[in-house]
Amino acid sequence: MKIFDTSVLRLPLYEERHRQLARRIESWADEISPELGEIERRPPAEMGRHLTALFGRNGWYAAVGGADAAPDFRSICLIREGFAFVHDLCDFAFSIQALAATPLIRYGSAEQRATLLPDILAGRSIGCLALSEPDVGSDIASVSLRAERRGESYVLTGTKTWISNADIADFAIVLARTADQSGPLGLSLFFVRAQSSGMRVVETIEAMAPRSFGSLSFDECIVPAAQMIGKPGLGFQIAGEILEQYRMTVGAAATGFARRARSAALKWARSRRLSTGTVWDMQLTKSKLADSEAALTASALLIAQAAWEIDQQIRGYGKHSSIAKLVATEHAQRIIDDAVQIFGAAGIVKDTVPERLYRQIRSLRIYEGTSEIQRLIIASHLQHPDIG
Ligand SMILES: Cc1cc2nc3c(=O)[nH]c(=O)nc-3n(C[C@H](O)[C@H](O)[C@H](O)COP(=O)(O)OP(=O)(O)OC[C@H]3O[C@@H](n4cnc5c(N)ncnc54)[C@H](O)[C@@H]3O)c2cc1C
(Lines give C-alpha, C1' and ligand atoms only; values in the text may rest on other atoms or scores of the structure.)
Protein backbone atom coordinates (compact mmCIF):
# COMPACT_ATOMS: atom_id res chain seq x y z
CA MET A 1 0.00 0.00 0.00
CA LYS A 2 1.44 3.41 -0.93
CA ILE A 3 1.03 5.88 1.92
CA PHE A 4 3.95 8.32 2.14
CA ASP A 5 5.24 11.10 -0.10
CA THR A 6 8.71 9.84 -0.97
CA SER A 7 9.75 13.27 -2.29
CA VAL A 8 9.47 14.57 1.30
CA LEU A 9 11.07 11.46 2.83
CA ARG A 10 14.17 11.79 0.68
CA LEU A 11 14.94 15.26 2.07
CA PRO A 12 17.94 15.47 4.44
CA LEU A 13 15.49 16.09 7.32
CA TYR A 14 15.09 12.29 7.32
CA GLU A 15 17.68 9.54 7.69
CA GLU A 16 17.83 6.17 5.96
CA ARG A 17 16.27 4.45 8.99
CA HIS A 18 13.16 6.66 8.59
CA ARG A 19 12.84 5.72 4.92
CA GLN A 20 13.13 2.05 5.91
CA LEU A 21 10.51 2.58 8.62
CA ALA A 22 8.14 4.14 6.06
CA ARG A 23 8.54 1.09 3.81
CA ARG A 24 7.97 -1.21 6.80
CA ILE A 25 4.75 0.66 7.67
CA GLU A 26 3.51 0.33 4.09
CA SER A 27 4.07 -3.42 4.02
CA TRP A 28 2.58 -3.78 7.51
CA ALA A 29 -0.51 -1.92 6.21
CA ASP A 30 -0.93 -4.60 3.51
CA GLU A 31 -0.60 -7.38 6.11
CA ILE A 32 -2.97 -5.90 8.73
CA SER A 33 -5.76 -4.70 6.41
CA PRO A 34 -7.55 -8.08 5.99
CA GLU A 35 -7.44 -8.67 9.77
CA LEU A 36 -8.78 -5.15 10.46
CA GLY A 37 -11.60 -5.74 8.00
CA GLU A 38 -12.64 -8.76 10.08
CA ILE A 39 -12.38 -7.21 13.55
CA GLU A 40 -13.28 -3.55 13.04
CA ARG A 41 -16.93 -4.00 14.03
CA ARG A 42 -15.93 -5.03 17.54
CA PRO A 43 -16.43 -2.39 20.29
CA PRO A 44 -13.62 0.23 20.42
CA ALA A 45 -12.53 -0.97 23.89
CA GLU A 46 -11.98 -4.49 22.60
CA MET A 47 -10.17 -3.16 19.53
CA GLY A 48 -8.02 -0.94 21.78
CA ARG A 49 -6.89 -3.89 23.90
CA HIS A 50 -6.20 -6.04 20.87
CA LEU A 51 -4.27 -3.37 18.94
CA THR A 52 -2.20 -2.13 21.90
CA ALA A 53 -1.05 -5.70 22.62
CA LEU A 54 -0.36 -6.31 18.93
CA PHE A 55 1.69 -3.11 18.55
CA GLY A 56 3.64 -3.98 21.69
CA ARG A 57 4.43 -7.49 20.44
CA ASN A 58 5.53 -6.07 17.08
CA GLY A 59 7.83 -3.48 18.68
CA TRP A 60 6.11 -0.32 17.36
CA TYR A 61 6.38 1.46 20.72
CA ALA A 62 10.19 1.43 20.54
CA ALA A 63 9.94 4.77 18.69
CA VAL A 64 8.60 6.52 21.81
CA GLY A 65 11.81 5.75 23.75
CA GLY A 66 12.49 3.48 26.70
CA ALA A 67 14.23 3.12 30.07
CA ASP A 68 17.50 4.18 28.43
CA ALA A 69 16.40 5.40 25.01
CA ALA A 70 15.22 8.83 23.83
CA PRO A 71 12.12 9.16 21.63
CA ASP A 72 12.48 9.54 17.86
CA PHE A 73 9.81 12.03 16.80
CA ARG A 74 10.32 11.61 13.08
CA SER A 75 9.53 7.91 13.56
CA ILE A 76 6.55 8.64 15.84
CA CYS A 77 5.14 11.03 13.20
CA LEU A 78 5.62 8.48 10.41
CA ILE A 79 3.90 5.77 12.47
CA ARG A 80 0.96 8.06 13.27
CA GLU A 81 0.61 9.14 9.63
CA GLY A 82 0.75 5.55 8.39
CA PHE A 83 -1.48 4.11 11.12
CA ALA A 84 -4.10 6.88 10.64
CA PHE A 85 -4.11 6.12 6.90
CA VAL A 86 -4.87 2.47 7.72
CA HIS A 87 -7.45 2.87 10.50
CA ASP A 88 -8.48 5.49 13.06
CA LEU A 89 -8.25 2.99 15.93
CA CYS A 90 -4.68 1.98 14.97
CA ASP A 91 -3.59 5.59 15.39
CA PHE A 92 -5.63 5.90 18.60
CA ALA A 93 -4.14 2.76 20.20
CA PHE A 94 -0.62 3.80 19.26
CA SER A 95 -0.86 7.45 20.31
CA ILE A 96 -2.60 7.06 23.68
CA GLN A 97 -0.13 4.42 24.84
CA ALA A 98 2.73 6.66 23.66
CA LEU A 99 1.31 9.64 25.57
CA ALA A 100 0.93 7.58 28.74
CA ALA A 101 4.48 6.17 28.50
CA THR A 102 6.21 9.49 27.80
CA PRO A 103 6.07 11.09 31.30
CA LEU A 104 7.76 7.97 32.71
CA ILE A 105 10.36 7.85 29.92
CA ARG A 106 11.22 11.52 30.35
CA TYR A 107 10.77 12.14 34.11
CA GLY A 108 10.32 8.75 35.81
CA SER A 109 12.84 7.67 38.46
CA ALA A 110 15.31 4.92 37.48
CA GLU A 111 13.18 2.48 39.49
CA GLN A 112 9.90 3.58 37.89
CA ARG A 113 11.40 3.26 34.42
CA ALA A 114 12.94 -0.14 35.11
CA THR A 115 9.82 -1.63 36.69
CA LEU A 116 7.00 -0.03 34.66
CA LEU A 117 8.24 0.63 31.14
CA PRO A 118 8.92 -2.93 29.91
CA ASP A 119 5.24 -3.95 30.29
CA ILE A 120 3.98 -0.64 28.86
CA LEU A 121 6.20 -0.75 25.77
CA ALA A 122 5.33 -4.40 25.21
CA GLY A 123 1.62 -3.47 25.23
CA ARG A 124 0.95 -5.71 28.28
CA SER A 125 -0.02 -2.74 30.47
CA ILE A 126 -2.39 -0.20 28.88
CA GLY A 127 -2.22 3.46 29.90
CA CYS A 128 -4.13 6.71 29.72
CA LEU A 129 -3.19 10.35 30.31
CA ALA A 130 -5.68 12.08 32.61
CA LEU A 131 -5.43 15.87 32.49
CA SER A 132 -8.91 17.20 31.58
CA GLU A 133 -11.72 17.69 34.09
CA PRO A 134 -15.39 18.60 33.75
CA ASP A 135 -14.50 22.30 34.23
CA VAL A 136 -10.94 22.21 32.86
CA GLY A 137 -9.98 21.63 29.21
CA SER A 138 -7.81 24.19 27.43
CA ASP A 139 -6.51 25.72 30.67
CA ILE A 140 -4.87 22.80 32.45
CA ALA A 141 -3.22 25.19 34.93
CA SER A 142 -6.67 25.26 36.59
CA VAL A 143 -6.80 21.51 37.36
CA SER A 144 -8.70 21.02 40.62
CA LEU A 145 -8.40 17.27 41.40
CA ARG A 146 -6.74 17.31 44.82
CA ALA A 147 -3.84 15.15 46.02
CA GLU A 148 -3.39 15.56 49.75
CA ARG A 149 -0.21 14.27 51.42
CA ARG A 150 -0.85 11.78 54.24
CA GLY A 151 2.31 10.11 55.56
CA GLU A 152 3.98 8.16 52.76
CA SER A 153 0.96 8.49 50.46
CA TYR A 154 -1.18 11.01 48.62
CA VAL A 155 -4.98 10.85 48.73
CA LEU A 156 -6.60 11.82 45.40
CA THR A 157 -10.12 13.27 45.20
CA GLY A 158 -11.85 14.62 42.09
CA THR A 159 -12.90 13.72 38.53
CA LYS A 160 -11.16 13.48 35.18
CA THR A 161 -13.12 13.44 31.95
CA TRP A 162 -12.67 12.85 28.21
CA ILE A 163 -9.91 10.40 29.04
CA SER A 164 -8.95 8.27 26.05
CA ASN A 165 -8.58 4.57 27.01
CA ALA A 166 -10.13 5.27 30.46
CA ASP A 167 -12.26 2.13 30.31
CA ILE A 168 -9.44 -0.24 29.32
CA ALA A 169 -6.44 1.31 31.07
CA ASP A 170 -4.38 -0.63 33.61
CA PHE A 171 -2.95 2.66 34.84
CA ALA A 172 -3.54 6.40 34.55
CA ILE A 173 -1.05 9.26 34.55
CA VAL A 174 -2.96 11.82 36.62
CA LEU A 175 -2.38 15.57 36.96
CA ALA A 176 -3.40 16.69 40.43
CA ARG A 177 -3.14 19.68 42.74
CA THR A 178 -0.69 18.96 45.58
CA ALA A 179 -0.32 22.49 46.93
CA ASP A 180 -2.86 25.04 48.12
CA GLN A 181 -1.66 27.66 45.64
CA SER A 182 -3.76 28.10 42.49
CA GLY A 183 -2.21 28.04 39.01
CA PRO A 184 0.47 25.87 37.40
CA LEU A 185 2.99 25.66 40.24
CA GLY A 186 0.71 23.68 42.58
CA LEU A 187 0.36 20.69 40.25
CA SER A 188 2.10 17.28 40.30
CA LEU A 189 1.86 14.13 38.20
CA PHE A 190 1.12 10.60 39.49
CA PHE A 191 1.21 7.04 38.20
CA VAL A 192 -2.05 5.47 39.46
CA ARG A 193 -2.95 1.80 39.02
CA ALA A 194 -6.50 1.21 37.78
CA GLN A 195 -7.19 -1.28 40.57
CA SER A 196 -6.32 1.32 43.28
CA SER A 197 -9.18 1.53 45.75
CA GLY A 198 -11.21 4.72 45.23
CA MET A 199 -10.51 4.98 41.50
CA ARG A 200 -13.20 3.92 39.04
CA VAL A 201 -14.60 4.54 35.59
CA VAL A 202 -17.84 6.46 36.13
CA GLU A 203 -19.03 6.84 32.56
CA THR A 204 -18.02 6.00 29.04
CA ILE A 205 -18.50 8.70 26.41
CA GLU A 206 -19.83 7.99 22.93
CA ALA A 207 -18.40 10.42 20.38
CA MET A 208 -19.12 10.90 16.64
CA ALA A 209 -16.18 8.60 15.83
CA PRO A 210 -16.26 5.52 18.10
CA ARG A 211 -13.18 5.38 20.34
CA SER A 212 -12.73 4.48 23.99
CA PHE A 213 -13.41 7.54 26.16
CA GLY A 214 -14.46 7.80 29.75
CA SER A 215 -14.54 9.76 32.97
CA LEU A 216 -12.55 8.65 35.99
CA SER A 217 -13.61 9.32 39.55
CA PHE A 218 -11.12 9.48 42.43
CA ASP A 219 -12.73 9.13 45.83
CA GLU A 220 -10.05 9.17 48.56
CA CYS A 221 -7.84 7.14 46.23
CA ILE A 222 -4.58 6.31 48.03
CA VAL A 223 -1.43 6.52 45.91
CA PRO A 224 2.06 5.83 47.36
CA ALA A 225 4.23 8.99 47.29
CA ALA A 226 6.84 6.95 45.38
CA GLN A 227 4.40 6.93 42.44
CA MET A 228 4.77 10.66 41.85
CA ILE A 229 6.48 11.30 38.50
CA GLY A 230 9.15 13.97 38.79
CA LYS A 231 9.18 16.40 41.71
CA PRO A 232 6.22 18.01 43.52
CA GLY A 233 5.09 21.10 41.61
CA LEU A 234 6.52 19.91 38.25
CA GLY A 235 3.27 18.40 36.95
CA PHE A 236 2.21 21.32 34.78
CA GLN A 237 5.65 21.62 33.23
CA ILE A 238 5.79 17.90 32.40
CA ALA A 239 2.25 17.83 30.97
CA GLY A 240 2.92 21.01 28.98
CA GLU A 241 6.13 19.59 27.55
CA ILE A 242 4.42 16.36 26.47
CA LEU A 243 1.60 18.25 24.77
CA GLU A 244 4.09 20.58 23.10
CA GLN A 245 6.02 17.61 21.70
CA TYR A 246 3.05 15.48 20.67
CA ARG A 247 1.18 18.28 18.85
CA MET A 248 3.19 17.73 15.69
CA THR A 249 2.23 14.04 15.84
CA VAL A 250 -1.46 15.01 15.81
CA GLY A 251 -0.66 16.90 12.59
CA ALA A 252 0.93 13.70 11.26
CA ALA A 253 -2.19 11.67 12.06
CA ALA A 254 -4.37 14.31 10.37
CA THR A 255 -2.14 14.04 7.29
CA GLY A 256 -2.62 10.26 7.27
CA PHE A 257 -6.44 10.62 7.36
CA ALA A 258 -6.28 13.28 4.62
CA ARG A 259 -4.00 11.20 2.38
CA ARG A 260 -6.45 8.32 2.61
CA ALA A 261 -9.34 10.65 1.67
CA ARG A 262 -7.41 12.16 -1.25
CA SER A 263 -6.46 8.70 -2.60
CA ALA A 264 -10.05 7.45 -2.32
CA ALA A 265 -11.41 10.63 -3.98
CA LEU A 266 -8.94 10.42 -6.86
CA LYS A 267 -9.81 6.78 -7.50
CA TRP A 268 -13.53 7.53 -7.34
CA ALA A 269 -13.24 10.59 -9.63
CA ARG A 270 -11.45 8.55 -12.29
CA SER A 271 -14.02 5.74 -12.27
CA ARG A 272 -17.34 7.57 -11.71
CA ARG A 273 -18.96 8.31 -15.08
CA LEU A 274 -21.18 11.32 -15.72
CA SER A 275 -22.98 12.05 -19.01
CA THR A 276 -20.03 14.26 -20.10
CA GLY A 277 -17.18 11.96 -18.99
CA THR A 278 -15.74 11.06 -15.60
CA VAL A 279 -15.80 13.26 -12.47
CA TRP A 280 -12.02 13.64 -12.90
CA ASP A 281 -12.55 15.17 -16.37
CA MET A 282 -14.10 18.27 -14.82
CA GLN A 283 -11.70 21.12 -14.10
CA LEU A 284 -13.39 21.89 -10.78
CA THR A 285 -12.55 18.37 -9.57
CA LYS A 286 -8.94 18.77 -10.68
CA SER A 287 -8.80 22.08 -8.83
CA LYS A 288 -10.00 20.45 -5.58
CA LEU A 289 -7.51 17.60 -5.87
CA ALA A 290 -4.66 19.96 -6.79
CA ASP A 291 -5.40 22.06 -3.69
CA SER A 292 -5.43 18.85 -1.62
CA GLU A 293 -2.07 17.81 -3.00
CA ALA A 294 -0.55 21.23 -2.29
CA ALA A 295 -1.92 21.19 1.27
CA LEU A 296 -0.67 17.63 1.92
CA THR A 297 2.81 18.62 0.78
CA ALA A 298 2.81 21.72 2.98
CA SER A 299 1.65 19.67 6.00
CA ALA A 300 4.25 16.95 5.45
CA LEU A 301 7.04 19.54 5.22
CA LEU A 302 5.93 21.34 8.39
CA ILE A 303 5.74 18.05 10.31
CA ALA A 304 9.20 17.04 9.05
CA GLN A 305 10.60 20.40 10.15
CA ALA A 306 9.11 20.23 13.66
CA ALA A 307 10.08 16.57 14.18
CA TRP A 308 13.62 17.13 12.90
CA GLU A 309 14.01 20.11 15.26
CA ILE A 310 12.92 18.17 18.32
CA ASP A 311 15.12 15.18 17.39
CA GLN A 312 18.06 17.61 17.07
CA GLN A 313 17.05 19.19 20.42
CA ILE A 314 16.71 22.60 18.81
CA ARG A 315 15.26 25.18 21.20
CA GLY A 316 12.00 26.68 20.04
CA TYR A 317 10.64 23.54 18.35
CA GLY A 318 7.36 24.23 20.20
CA LYS A 319 6.41 27.01 17.79
CA HIS A 320 6.80 24.68 14.81
CA SER A 321 5.03 21.84 16.64
CA SER A 322 1.99 24.14 17.04
CA ILE A 323 2.25 25.35 13.43
CA ALA A 324 2.42 21.74 12.19
CA LYS A 325 -0.67 20.78 14.22
CA LEU A 326 -2.67 23.86 13.27
CA VAL A 327 -1.92 23.76 9.54
CA ALA A 328 -2.12 19.97 9.10
CA THR A 329 -5.38 19.52 11.03
CA GLU A 330 -7.11 22.50 9.40
CA HIS A 331 -5.96 21.37 5.93
CA ALA A 332 -7.04 17.79 6.63
CA GLN A 333 -10.55 18.90 7.56
CA ARG A 334 -10.90 20.65 4.19
CA ILE A 335 -9.27 17.85 2.17
CA ILE A 336 -11.68 15.32 3.67
CA ASP A 337 -14.67 17.59 3.13
CA ASP A 338 -13.64 18.01 -0.52
CA ALA A 339 -13.30 14.22 -0.84
CA VAL A 340 -16.87 13.76 0.42
CA GLN A 341 -17.99 16.37 -2.14
CA ILE A 342 -16.21 14.54 -4.98
CA PHE A 343 -17.97 11.30 -3.96
CA GLY A 344 -21.33 13.10 -3.98
CA ALA A 345 -24.14 11.20 -2.22
CA ALA A 346 -21.96 8.09 -2.12
CA GLY A 347 -19.64 9.98 0.27
CA ILE A 348 -22.17 10.23 3.06
CA VAL A 349 -23.20 6.56 3.16
CA LYS A 350 -22.61 5.19 6.64
CA ASP A 351 -19.28 3.43 7.11
CA THR A 352 -17.84 4.22 3.69
CA VAL A 353 -14.26 5.55 3.71
CA PRO A 354 -15.18 9.24 3.14
CA GLU A 355 -18.03 9.18 5.67
CA ARG A 356 -15.85 7.63 8.34
CA LEU A 357 -12.95 10.01 7.73
CA TYR A 358 -15.36 12.95 7.88
CA ARG A 359 -16.36 11.94 11.42
CA GLN A 360 -12.87 10.87 12.50
CA ILE A 361 -10.99 14.02 11.53
CA ARG A 362 -13.12 16.50 13.49
CA SER A 363 -11.69 15.96 16.96
CA LEU A 364 -8.08 16.54 15.89
CA ARG A 365 -8.72 20.31 15.84
CA ILE A 366 -9.84 20.05 19.48
CA TYR A 367 -7.65 17.64 21.46
CA GLU A 368 -4.09 18.38 22.63
CA GLY A 369 -4.86 22.08 22.29
CA THR A 370 -7.61 23.47 20.07
CA SER A 371 -6.76 25.42 16.90
CA GLU A 372 -7.42 28.63 18.85
CA ILE A 373 -4.89 27.61 21.51
CA GLN A 374 -2.31 26.79 18.78
CA ARG A 375 -2.78 30.31 17.37
CA LEU A 376 -2.22 31.81 20.83
CA ILE A 377 0.98 29.77 21.26
CA ILE A 378 2.28 30.79 17.82
CA ALA A 379 1.47 34.44 18.57
CA SER A 380 3.33 34.21 21.90
CA HIS A 381 6.46 33.24 19.95
CA LEU A 382 6.00 36.35 17.78
CA GLN A 383 5.81 38.47 20.91
CA HIS A 384 9.02 36.91 22.24
CA PRO A 385 10.99 36.05 19.09
CA ASP A 386 14.07 35.06 21.10
CA ILE A 387 12.30 31.86 22.27
CA GLY A 388 11.31 30.79 18.78
C1 LIG B 1 -11.11 13.04 20.87
C2 LIG B 1 -10.67 13.62 22.17
C3 LIG B 1 -9.74 12.93 22.96
C4 LIG B 1 -9.34 13.47 24.18
N5 LIG B 1 -8.48 12.75 24.97
C6 LIG B 1 -8.08 13.26 26.14
C7 LIG B 1 -7.22 12.51 27.00
O8 LIG B 1 -6.82 11.38 26.70
N9 LIG B 1 -6.85 13.06 28.19
C10 LIG B 1 -7.27 14.30 28.57
O11 LIG B 1 -6.86 14.72 29.64
N12 LIG B 1 -8.10 15.03 27.79
C13 LIG B 1 -8.52 14.54 26.59
N14 LIG B 1 -9.38 15.25 25.78
C15 LIG B 1 -9.85 16.57 26.22
C16 LIG B 1 -9.16 17.68 25.43
O17 LIG B 1 -7.85 17.82 25.86
C18 LIG B 1 -10.00 18.96 25.56
O19 LIG B 1 -11.23 18.71 24.90
C20 LIG B 1 -9.31 20.16 24.95
O21 LIG B 1 -8.19 20.52 25.70
C22 LIG B 1 -10.26 21.36 24.88
O23 LIG B 1 -10.88 21.57 26.10
P24 LIG B 1 -12.49 21.68 26.19
O25 LIG B 1 -13.07 20.65 25.33
O26 LIG B 1 -12.84 21.71 27.62
O27 LIG B 1 -12.79 23.08 25.54
P28 LIG B 1 -12.74 24.51 26.28
O29 LIG B 1 -11.42 24.68 26.93
O30 LIG B 1 -13.96 24.66 27.11
O31 LIG B 1 -12.83 25.47 25.02
C32 LIG B 1 -14.08 25.76 24.36
C33 LIG B 1 -13.80 26.72 23.20
O34 LIG B 1 -13.20 27.92 23.71
C35 LIG B 1 -11.97 28.14 23.06
N36 LIG B 1 -11.01 28.70 24.01
C37 LIG B 1 -10.65 28.20 25.20
N38 LIG B 1 -9.72 28.98 25.78
C39 LIG B 1 -9.46 29.97 24.90
C40 LIG B 1 -8.59 31.11 24.91
N41 LIG B 1 -7.78 31.35 25.94
N42 LIG B 1 -8.61 31.92 23.83
C43 LIG B 1 -9.42 31.68 22.77
N44 LIG B 1 -10.28 30.63 22.71
C45 LIG B 1 -10.29 29.79 23.75
C46 LIG B 1 -11.49 26.78 22.56
O47 LIG B 1 -10.59 26.90 21.46
C48 LIG B 1 -12.81 26.14 22.17
O49 LIG B 1 -13.17 26.56 20.88
C50 LIG B 1 -9.82 14.73 24.59
C51 LIG B 1 -10.73 15.42 23.78
C52 LIG B 1 -11.16 14.87 22.59
C53 LIG B 1 -12.17 15.63 21.75
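A backbone N or O atom of Trp 162 sits 3.1 Å from a nitrogen atom of the ligand. This comes from a predicted model. In Ser 132, a side-chain N or O atom is 2.7 Å from a ligand nitrogen. In Ser 138, a side-chain N or O atom is 2.6 Å from a ligand oxygen.

On its own, the ligand exposes 960 Å². The protein buries 61% of that area.

## The shell around the ligand

The ligand is surrounded by 18 residues. The closest are Ser 132, Ser 138, Trp 162, Thr 370 and Glu 372. By class, the shell has ten nonpolar, six polar and two charged residues.

Three elements each supply at least two shell residues: strand E1 (127-130), strand E3 (153-164) and helix H11 (371-383). Which domains give residues to the shell? Domain 2 (127-232) and domain 3 (236-387) both do, so the ligand lies between them.

## Glu 133

Glu 133 is found in the loop between E1 and strand E2 (146-150). Is Glu 133 buried or exposed? Its relative accessibility is 5%. Buried means under 20%, so Glu 133 counts as buried.

The side chain of Glu 133 makes a polar contact of 2.9 Å with the side chain of Lys 160. Leaving aside neighbours within four places in sequence, Glu 133 is in contact with Val 143, Ser 144, Leu 145, Thr 159, Lys 160, Thr 161 and Leu 175.

How values were computed
Residues numbered from 1 in each chain as written. Predicted model: local features only at pLDDT ≥ 70, side-chain atom pairs only at ≥ 80, totals over all residues. Heavy atoms only, no water. Near = heavy atom within 4 Å. Polar contact = N/O pair within 3.5 Å; in protein donor to acceptor, adjacent residues only side chain to side chain. Areas by Shrake-Rupley, 256 points an atom, 1.4 Å probe, with all protein chains shown as cover. Helix = DSSP H or I, 4+ residues; strand = E, 2+ residues; numbered from the N terminus. Nonpolar A, V, L, I, M, F, W, Y, C, P; charged D, E, K, R; others polar. Domains from an automatic or database assignment. Buried < 20%, exposed > 50% of the residue type's maximum accessible area, 1.4 Å probe, protein only. Contact = heavy atoms within 4.5 Å.
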